[in-house]
Protein chains: 4
Amino acid sequence: MQRVGIIGGTGYTGEELLRVLARHENVELSFASEIEPGQKLKDIFPYLPRFRELALCSTEEAVEQEVDLVFLCLPAGESAKISRLFVDRKVKVIDLGADFRFDDLAEYRHWYDMDHPQPQLLHESTYGLPEWNRDVIKTSQIVGNPGCYPTSVLLAVLPFLRAGIVADSQIIVDAKSGVSGAGKTPSPITHYVESNESLMPYKVGRVHRHVGEMEQELSKQADRPIHVLFTPHLVPMSRGILSSIYFRVKMEIAKSDLLNILNDVYNKEPFVHVLKNGLPATKLAVHSNLCFLGIATIPETDYIVVFSAIDNLGKGASWQAVQNMNVMLDFPETIGLLS
Amino acid sequence: MQRVGIIGGTGYTGEELLRVLARHENVELSFASEIEPGQKLKDIFPYLPRFRELALCSTEEAVEQEVDLVFLCLPAGESAKISRLFVDRKVKVIDLGADFRFDDLAEYRHWYDMDHPQPQLLHESTYGLPEWNRDVIKTSQIVGNPGCYPTSVLLAVLPFLRAGIVADSQIIVDAKSGVSGAGKTPSPITHYVESNESLMPYKVGRVHRHVGEMEQELSKQADRPIHVLFTPHLVPMSRGILSSIYFRVKMEIAKSDLLNILNDVYNKEPFVHVLKNGLPATKLAVHSNLCFLGIATIPETDYIVVFSAIDNLGKGASWQAVQNMNVMLDFPETIGLLS
Amino acid sequence: MQRVGIIGGTGYTGEELLRVLARHENVELSFASEIEPGQKLKDIFPYLPRFRELALCSTEEAVEQEVDLVFLCLPAGESAKISRLFVDRKVKVIDLGADFRFDDLAEYRHWYDMDHPQPQLLHESTYGLPEWNRDVIKTSQIVGNPGCYPTSVLLAVLPFLRAGIVADSQIIVDAKSGVSGAGKTPSPITHYVESNESLMPYKVGRVHRHVGEMEQELSKQADRPIHVLFTPHLVPMSRGILSSIYFRVKMEIAKSDLLNILNDVYNKEPFVHVLKNGLPATKLAVHSNLCFLGIATIPETDYIVVFSAIDNLGKGASWQAVQNMNVMLDFPETIGLLS
Amino acid sequence: MQRVGIIGGTGYTGEELLRVLARHENVELSFASEIEPGQKLKDIFPYLPRFRELALCSTEEAVEQEVDLVFLCLPAGESAKISRLFVDRKVKVIDLGADFRFDDLAEYRHWYDMDHPQPQLLHESTYGLPEWNRDVIKTSQIVGNPGCYPTSVLLAVLPFLRAGIVADSQIIVDAKSGVSGAGKTPSPITHYVESNESLMPYKVGRVHRHVGEMEQELSKQADRPIHVLFTPHLVPMSRGILSSIYFRVKMEIAKSDLLNILNDVYNKEPFVHVLKNGLPATKLAVHSNLCFLGIATIPETDYIVVFSAIDNLGKGASWQAVQNMNVMLDFPETIGLLS
């Protein structure tokens, strides 16, 4: 039994972490912190089967606790600062925010419009996509848990870049997300009456902060610059992301060969399912750590379309964070994550 | 062509008024005011077919305009104050808020927790339920447009009180409302992710402010005190109210006789439909000024259930306000209201 | 590790059983049968973490399998027939349908319009509401898993009948259900466009088949006939039931005393939560075996309102079935049911 | 007052036609036919303000009626056959199906997998997109009302093809539709529980029947073959289409110049709104004949994205059909269509 804590425990990613950890037999929750401490977890999340009597503590109290690993659910900039305190005490850190997703300080500055508060910590941190770098995650002090959109896109595109069949340096990603991706703070756009029965694009082009993260990982794999033409849409559902991804391939290639490229990578992966027939719907992936991939070729063109469905709070955030924890704490990787 | 104005034009009732008035051939919109004036209506509501170039004005500018009638979409207390300015200039007033719904100052104080700012104006005002008092509305200077829940309940229950068959002095109203009933201001409860895929009761008992208004009108019709045991629920849909209303009747009475009681009242009414077969779904009433009524008897008991479906922004607010306008300005009552 | 099977594995209750059992460490699934056998479970439910390679079998094949317990997800009448085959082989049976919910054959005939096919089996069967009769369930050969509406109502009302404070013999239940309660077969009413953005009552009065089941259990507890005035509504959400229950109490009684009555019964129950403050929303209960109860008194009346929220597929069906299984197979009662 | 009729009056496009025509002051409805005739319109659509007492007739009765214009809401193949009967009697025809959308018989055969039943009628028919060919529509005997997806795409892309700035011969259309686009017949995919809270692609590539129609009109305008890489998605909402359209332009071009290209075409159009700021959400367009267009450029690439939002039953079907009727019967084009 190892001890974990959560900083920022009452947003959607914090709440989902609590749900998943409450079913995880190998960990005990030592603390969950919040700006307004005091309430017991059962008063806020009365459905929790464990941790019910634990009271939310302040960040100051949190950093004093003895734990093996801490999850950070904080805005950009704040995670890095507080990470220092945990790392100095040899506590492992999983940041569900953006502070440890970038290799390059200039990129971080470009996308988050601030200087990284703890640049030296980047040397101890790893981008936490276990299917692609679990070996490094295993020994990392800090893991930057990937963003929701990037998770869906990287799992879908990396295999084709690795196979060397992508003709374009521009990849079109038309992504659709449920509203929980916009967070828990009420706003005019996420007001029920405004989001319901409507669909809209936002932050189109190469504007959304997740573009930097996607381009970094795709370019590394491709060993050349990849541009992501990224169009996120807000969809009237609570959870789920579907990314519809368009790119050209270098040669005519059968659907079965494309499926093989995916299967070669994900065949043994417990959380990535490649659909042989049919295309993924987000309902397959919600409330789970699963990613579903599907492919369509387009006759008389050299384009293919790859579809990727995840739960933005599942594989796209908190469930993947627990997967990273399992890797870092040397648990069986699927423990607590059977959906 | 008569001239009208709207004070408070950008909340949901204001927006719906604009939609309806834009299709109304007999009126011109002279102004719409808002706390933050300046924007043109087409910039906020780009779908409007008329009034597009009109800029939102301040309340100060609004009260200077020459109009025949003004709609007030304001919080309790504020309508009464500003009404004085219009009434003094012989402008007719339709208040979509609560300031002119009460006959009794003590009741107003009880439910709205303030003294009525213009008590003398109550003598010039009428409760605006046209099916029940259009003759008085026609000559009123001020009309208090009924609340959404009260509209659904009164249309359903008044006929039975008038017929003298209601045994109880306690009527149970289990009401369900779409989320637009909670207004346009974002809040944790009406955040998409919180309202979606969930149903919850709120302000149960005799707590909701609409109770006072319902009890006033029901008691007047019954000529004895009627208590409304009122349970509103928030339903994951944008619009629509269904009230399921339970009371006992004095004698065994066939469903056909109950339907006759409703038909006697509403036979010639263009906006109230009594369903001979089946029960009303809210989808029949949304985006319209319609109210659908249905009845069920309960074998081996003396209870009946009356169901009433309206659009909370339609017959429950802005469309009914335009119906009142039609009556007050001596237009054909259905003009502009064919849904 | 015990072996279980499912007859009728691809409807919503069957699917939900598969989801729950796949996370249950103490059981192995020996079979799942369907009218059209052949497909592997992973082809229909690709998200399942276990049982993926198991192929759907025919009922004929199913009854030959060696199992310890079988779940039946079948229409009324069919469960009873097939139960005989399992019972004769000492296999325990949990019927998610209606065949083993009635003590009285005439009641069964009245509500299901047929003669019970295996009346003698009623002597070996128990109504499976574990919070109220787990001792009998433990030793039963057959358990009739309660209906979704009855589960929500019984958990809310039985404590007050036991406490002897219910004044009425008529209880009003205004219940609201998500659409999965109507099953998986497409129909005009459950077509997305018809159910979405609408709310409607159906089978009002004492018409719905669940009335018989509720009245049986309530009357037994009250030791006098209790009539349930039952109004189910269809709500635009996939899952969840909220029952708003109205009855009069014999004396003036404080809310705290009412809460005590509930707490006396459910204090130690892992799956029933009594809300001290606030009222239950269905979102608290979905995807779980939980029931949330809340209470409102109504000033100046002798009515109280009890609210009960469950997941119709959770505590209202498949999760409760697994709870019954845990009791019958002598597992810890919460195993596999931490939501 | 002119007389119109509807063949196939009870599907979603027929129902929406009835709603719109009931508000149209210049027409009287002579008949609405259905496979199962007999019911009065008020029994099926109790909210209709007009035509309430009209009984559904058989097709045989319908073709005998004296009308000026008939709307056909029929499957492919059937419209063409019945059109012959009306055309021979000089009745104008608006087909909401696919039989009169193709110039080329081979294309029709390819996409609809049958020989056109009345090829000679194609000489008298016009593709009914009024913004682009209202002069021809005005004198046509038959109008093929465009499909929902094609309407959204053509209004967005034709201006850029006309301006000659499109570099590609392949245009990527990532389209998202509400569920009413799938029609009124219940099916597993459109069952509420399946569609709700999920998003999925279907008929990806160049498979969907609307591809042929889009490519025909785009290629004509471009005067070279244009391929549409078309990916429709089903979105959990009742109405609305958003098409997100990607193509490369020949030169670097400012957003303001792109907007000018749209405004040059649509400046005076009452039903097409070009958004100067922001991007269209489908909620702007539902329950109307409006199309909203918006543009995004993508820095460091030569791609632009055009967004087009309509109501699939509005501008995408029945409202556009009434717009065509207005043109054909020489009414003011906006009459009855102010939303």
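The entries below follow that order.

I worked on a predicted model, where local features need pLDDT of at least 70, side-chain atom pairs count only at pLDDT 80 or more, and totals for chains, interfaces and linings use all residues. Residues are numbered from 1 along each chain as its sequence is written, chains are lettered from A and ligands numbered from 1 in the order written, and side-chain values use heavy atoms, with hydrogens and water left out.

**Cavities.** I searched the whole structure and found three cavities of 30 Å³ or more. A cavity here is a set of points on a 1 Å grid over the protein atoms alone where a 1.4 Å probe fits but cannot get out; lining residues have an atom within 4 Å of a point. Points are joined across faces, edges and corners, and a volume is the space filled by probe spheres set on them.

I took the largest cavity first: about 80 Å³. I counted 16 lining residues, with A:Asn196, B:Asn196, C:Tyr192, C:Asn196 and D:Asn196 nearest the centre. The lining splits into eight nonpolar, four polar and four charged residues. For these classes, Ala, Val, Leu, Ile, Met, Phe, Trp, Tyr, Cys and Pro are nonpolar, Asp, Glu, Lys and Arg are charged, and the others, Gly among them, are polar.

The second largest cavity holds about 60 Å³. Its lining includes A:Glu194 and A:Leu199, along with D:Ala281 and D:Lys283. I sorted that lining into six nonpolar, two polar and two charged residues.

**Chains A and D.** Which side chains meet in a salt bridge at 3.0 Å, N to O? I found D:Lys283 and A:Glu194. Both also line the second largest cavity. The count between chain A and chain D is six salt bridges (a side-chain nitrogen of Lys or Arg within 4 Å of a carboxyl oxygen of Asp or Glu).

I then looked up the extent of the contact (heavy atoms within 4.5 Å). Chain A gives 41 residues and chain D gives 41 residues. The buried area is about 3500 Å², with 60% from carbon and sulfur atoms. That is the accessible area (1.4 Å probe) lost on putting the two parts together, summed over both. In chain A, A:Glu197, A:Leu199 and A:Lys283 lose the most area to chain D, together 16% of what that side buries.

How values were computed
On a 1 Å grid over the protein atoms alone, a cavity is a set of points where a 1.4 Å probe fits but cannot get out, and a pocket is an open set with protein on both sides within 12 Å along at least five of seven lines; lining residues have an atom within 4 Å of a point.
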